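Please brief me on this model. Start with a helix pair, then take the strands, the sheets and the chain contact.

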Amino acid sequence: MHFTKPSPPSDDKRWRIVEATMRRHGYDSHALIETLHSVQQTFGYLDPEALRYVASSLRVPLSKVYGAATFYHFFTLKPQGEHTCVVCMGTACYIKGAPNILASVSQRYGVQAGETTADGKLSLLTARCLGSCGLAPAVVFDGEVAGKVTPEEALERIGRWMEHDS
Amino acid sequence: MTPEELRRLASSHEEARPEPKYRIKVCVAAGCLSARSDQVREALENEIARRGLEHACEVKGVGCLGLCTAGPLMVVEPDGVMYEGVTADDAPDLINSLGGEPVERLLCPADAPFFQKQYKIVLENSGLIDPEKIEDYIARDGYLALARVLEAMTPQEVIDEITRSGLRGRGGAGYPTGLKWSTVAKAGGSHKFVICNADEGDPGAFMDRSVLESDPHRVLEGMAIAAYAVGASQGYLYVRAEYPLAVKRLRTAIRQAERLGLLGNNICGTTFNFHVDIRLGAGAFVCGEETALIASIEGKRGQPRPRPPYPAEYGLWGYPTLINNVETFANVAPIIRNGGDWFARIGIEKSKGTKVFALAGSVKNTGLIEVPMGITLREIIFDIGGGIPEGRKFKAVQTGGPSGGCIPEQYLDMPVDYESLAKVGSIMGSGGMIVMDETSCMVDVAKFFMEFCMTESCGKCVPCRVGTAQMYGLLQKITAGEASMDALALLGELCDMVKHTSLCGLGQTAPNPVLSTLQYFREEYIAHIVDKQCPAGVCPIHRREGQ
């Protein structure tokens, strides 16, 4: 059966990274999750174009690609804000006051967990457990883990981003 | 590579570098890194360079030193002086102190019960070796067990040794490892797989992460020995994508081992081939269940399937597959090196060896510990953990994450082993241990875990998908002060139904946090329902009254 490899959604050079991942796995359908990881790492999120491209490249039904992309919490279908604040909600962080951190950030900036502010500046997210339980409660500010965070500190760090950029 | 050659490699590595007079070991595992131990390391290196002391003093990044709460930690050798809470600004003082009096204000007493009561097998190299250098691992007898197995043991002898050790699965269920290996070895077929389950999803648990970040070769060696024993030539390490540092160090370790012929084709010059690939998890708790994990490696949604057939007979792509947890594999090399009988002497009757726990929550010394099986909870929490901070009172200890239970004070003198924990309604689990004091509301804790299970339910079977949501709804009502006593009876019924009719371990154990709190802290449920108040002051009813 003849199969023509589909071309990437755009001529963005970053698609080469995704192509390399698929090639390494021989365009096998088993590589679906690895490929989705590659797309998310490269572009930050999975948009419909990307899902369609992955589906046709690996010859997996789009429904299955969408199924996997929405089943796993690590994948996100929405672009992230300029800055991200991830509050760990693992057991240790939970009993040491993570819900208060979440509530105060959520209240100040009018976003719920998993949402991005209207100006696209801040995404407020939660994590199941960062494995930094010894430093509970832990918060990740733009990829940098901070331990023993108080709601005031969290607001202060985020405040600096918002102020600095405006 | 023969055992002889390995030893020669280790000693030539030692000789190649003139032994510096002082060696400063800075913890670069994730806990200390988030307390900026990387900056401390850099500051120390700069200070040494500034004074031209490079020949006399070396700074080395090492794996987890255990006491995460006091990070960044470091040890100065040869005296073995341990420092805690070090910052980059302390570098000049620390370098000044070399050869003289230690820096008093930063001292961390290494003779404290936190260190003295531990027994290290899995973590024996943590904090000693540089996890990114295979030579360091080899210098501590690394890969010696693998070389010995390939040189002088048959697969059956390897399995017998593991069986004799009494090692049981450290992922939580405690299935005898030797039995699992021999089932896979007996399964027919030319294709077999070995999988390492490093999808550490329990909230409040970071044992596997620390092992992978501190001593990645140990896990690879265990996998290779297992592959030889069961007759597999391909392995997969299924790691959480949330652990980028562990993934990076594993990739480095695999590359290094392949270069030395300790992984790949013709390992140690024999006909044995074993390749290891990494597969990234994508944040689904259910993938810790073995059949779901297999589905995920196959590129599908991580949904479990009924067992039997067990993966030992019908696993990855339908081939016989051995799945063990990180800590289980990490125990293999020392067992081979020291003998199964040596391992069987540690611990107690039905639970041999040691267990690594992630001690966290309301306890003074939070961090990573390894203790002999059979130690009491009191010793762990009050001696090693240093007790409850801020003069608060112990209320419960939670083991086993969302699949475990909350153990009250009356059982603190119970030994920690698989059977005892199960008897009081909890499980050993993978090793998360969260201590709670009187500021925690046990109904709220039950609700927390139920919310977790509800969200993480894969949705395949009805009891788990619907049952957890119903239980969560009831717990929400109770914590809001809107439930009647009938809710308790209904909750009990639902627990029973979900426990006995769910497809996989996630659903079957999801009721445990509710069951154990209902059993030991029933009065707290009643306080919410009848008195409409939360004794710990956590739940919304309390806040409403306070306003």
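Helices α10 (residues 207-214) and α14 (residues 326-338) of chain B are oblique to each other, because their packing angle is about 45° and oblique covers what is left once angles under 35 degrees count as roughly parallel, over 145 as roughly antiparallel and 65 to 115 as roughly perpendicular. Their axes lie 9 Å apart. This is a predicted model: local features need pLDDT of at least 70, side-chain atom pairs count only at pLDDT 80 or more, and totals for chains, interfaces and linings use all residues. Residues are numbered from 1 along each chain as its sequence is written, while chains are lettered from A and ligands numbered from 1 in the order in which they are written.

**The α10(B)/α14(B) pair**
- Axes are lines fitted to C-alpha atoms, for helices over the stretch in contact, and angles run from 0 to 180 degrees between N-to-C directions.
- α10(B) contributes B:Met207, B:Asp208, B:Val211 and B:Leu212 to the contact.
- α14(B) contributes B:Val326, B:Glu327 and B:Ala330.
- Two residues are in contact if their C-beta atoms, placed from the backbone, lie within 7 Å.
- The contact of α10(B) with α14(B) divides into 5 nonpolar, no polar and 2 charged residues.
- Nonpolar means Ala, Val, Leu, Ile, Met, Phe, Trp, Tyr, Cys and Pro; charged means Asp, Glu, Lys and Arg; the others, Gly among them, are polar.

**Confidence**
- The model scores ipTM 0.92 and pTM 0.94.
- Chain B has a mean pLDDT of 93, and 98% of its residues reach 70 or more.
- pLDDT is the predictor's confidence in each residue, from 0 to 100.

**Buried elements of chain B**
- Helix α13 (residues 290-297) of chain B is largely enclosed by the rest of the structure, because 8 of its 8 residues are buried.
- A residue is buried if 20 or more other C-beta atoms lie within 10 Å of its own, exposed if 12 or fewer, and partly exposed in between, with C-beta atoms placed from the backbone.
- The buried residues of α13(B) include B:Glu290, B:Thr291 and B:Ser296.
- Their cover includes α2 of chain A. It also includes β5 (193-198), β6 (234-239), β7 (275-280) and β8 (321-325) of chain B.
- Just after α13(B), B:Gly299 takes a positive phi of about 90°.
- β6(B) has 5 of its 6 residues buried, so the rest of the structure largely encloses this strand.
- Helices (H or I, at least four residues) and strands (E, at least two) are DSSP runs, numbered from the N terminus.

**Strand pairs of chain B**
- β5(B) and β6(B) run parallel, joined by 6 bridges. B:Ile195 stands opposite B:Tyr236 there.
- β6(B) also pairs with β7(B) in the parallel sense, over 6 bridges. B:Gly235 faces B:Val276 across this pair.
- Strands pair if DSSP finds at least two bridges between them.
- Strand β9 (residues 354-361) and strand β10 (residues 367-372) of chain B run antiparallel, with 6 bridges. A hairpin of 5 residues joins β9(B) to β10(B).
- B:Lys355 stands opposite B:Val371 in β10(B). β10(B) is mostly covered, with 5 of its 6 residues buried.

**Open sheet of chain B**
- 4 strands form an open sheet in the order β2-β1-β3-β4, with mixed pairing.
- β2 (57-62) and β4 (81-83) of chain B are the edge strands, and each pairs on one side only.
- The twist averages 20° from one strand to the next.
- Helix α3 (residues 37-50) of chain B packs on the sheet and touches β1 (22-27) and β2 of chain B. Its direction makes about 165° with that of β2(B).
- β3 (residues 74-77) and β4 of chain B run antiparallel over 3 bridges. B:Val76 stands opposite B:Val81.

**Open sheet of chain A**
- 5 strands form an open sheet in the order β2-β3-β1-β4-β5, again with mixed pairing.
- β2 (115-116) and β5 of chain A each have a single partner strand, so one side of each is left without a neighbour in the sheet.
- Helix α6 (residues 98-109) of chain A packs on the sheet, touching β1 (83-88), β3 and β4 (139-141) of chain A. Its direction makes about 150° with that of β1(A).
- β2(A) pairs with β3 (residues 122-127) of chain A in the antiparallel sense, over 2 bridges. A:Thr116 stands opposite A:Ser123.

**Chain contact**
- The contact takes 31 residues from chain A and 35 residues from chain B.
- On chain A, the elements giving two or more residues are α2 (32-43), α4 (62-71), α5 (91-95) and β5 (144-146).
- The side of chain A that touches chain B has 18 nonpolar, 11 polar and 2 charged residues.
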